[in-house]
Amino acid sequence: MLKIAALAIAVAGAAAAQSGDSDERFRDWGRVHKLQPNQQIVVRPFKGMGGKVLATYVSSDATGIVVRLKNDQEVEISKDRIRSVIRRKRMRNAVLIGAGAGFAVMALWSLTFPDFIQPVTALLFGGVGAGIGAASGGFVRFVGHNMIVYQAAKPSRGRLGAT
């Protein structure tokens with residue numbers, strides 16, 4: 001038990017140490033250049049510079065990004081107006097995958113117990129596993145569908161007054 005607690009503390013410490021460098025990683029505009037054309041993105045501007053844009057990525061250069069809106073209109077947004085660029089992942093099948101995996105694991109698990117080796121028990125255990133797997137897949141779909149590609153540094157007060 002003590003070993004598990006020590007391992008948990010070590011993992012938490014390593015995660016905390018890496019979290020300080022993560023902000024710097026997102027400030028690299030080069031990450032935007034690595035996006036593939038036709039990926040779904042969200043571009044969020046700084047406060048007072050318009051609303052967020054849901055679009056597909058077209059291209060980018062050192063001065064800004066070009067996106068295609070839903071009406072097939074291409075718009076160029078300058079880098080100095082962008083607060084963040086977020087890639088949207090599609091996870092449509094996460095619930096189905098979770099349900100299938102949960103059913104399979106629980107149905108096979110029921111076969112390890114001598115008292116439960118019956119088809120009805122495997123179906124019942126599988127049904128419970130499918131429910132747990134579907135809930136887990138729904139959680140993954142809800143939480144893990146966006147990824148920060150770029151996040152600008154917070155503007156200084158002098159910059160806000162200059163606009």
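Q: Hi! What pattern does the protein follow, read along the sequence?
A: Along the sequence, the pattern is α-α-β-β-β-β-β-α-α-β-α. That goes with five helices and six strands. Both are DSSP runs numbered from the N terminus, with helices (H or I) of at least four residues and strands (E) of at least two.

Q: Before I go on, what kind of model is this?
A: This is a predicted model, where local features need pLDDT of at least 70, side-chain atom pairs count only at pLDDT 80 or more, and totals for chains, interfaces and linings use all residues. Residues are numbered from 1 along each chain as its sequence is written, and side-chain values use heavy atoms, with hydrogens and water left out.

Q: Thanks! What order do the strands have in the sheet?
A: The order is β4-β3-β2-β1-β5-β6, in an open sheet with antiparallel pairing. Two strands pair if DSSP finds at least two bridges between them.

Q: And which strands stand at the edges?
A: Those are β4 (74–78) and β6 (146–151); each has a single partner strand, so one side of each is left without a neighbour in the sheet.

Q: How many bridges are there between β5 and β6?
A: Five bridges, in the antiparallel sense, with β5 covering residues 82–88. I86 has I148 as its bridge partner in β6.

Q: What about β1, how many bridges join it to β5?
A: Five bridges join β1 to β5, and the two run antiparallel. There, V43 has V85 of β5 as its bridge partner. β1 also pairs with β2 in the antiparallel sense, over four bridges, and the partner of I41 in β2 is A55.

Q: Changing topic: which residues have the most contacts inside the largest nonpolar core?
A: V32, I41, I65, I82 and V85, in a core of 16 residues. Such a core is a set of buried Ala, Val, Leu, Ile, Met, Phe, Trp, Tyr and Cys residues joined through side-chain atoms within 4.5 Å. Buried means under 20% relative accessible area, with a 1.4 Å probe and protein chains only.

Q: Which elements give two or more residues to that core?
A: They are β1 (40–45), β2 (53–60), β3 (64–68), β5 and β6.

Q: And what does V32 touch?
A: Leaving out residues up to four places away in sequence, V32 touches Y57, S60, I65, V85, V149 and Y150. Contact here means heavy atoms within 4.5 Å.

Q: Last one: how much of the protein counts as buried?
A: Of its 163 residues, 25% count as buried.

Methods:
Buried means under 20% relative accessible area, exposed over 50%, partly exposed in between (1.4 Å probe, protein chains only).
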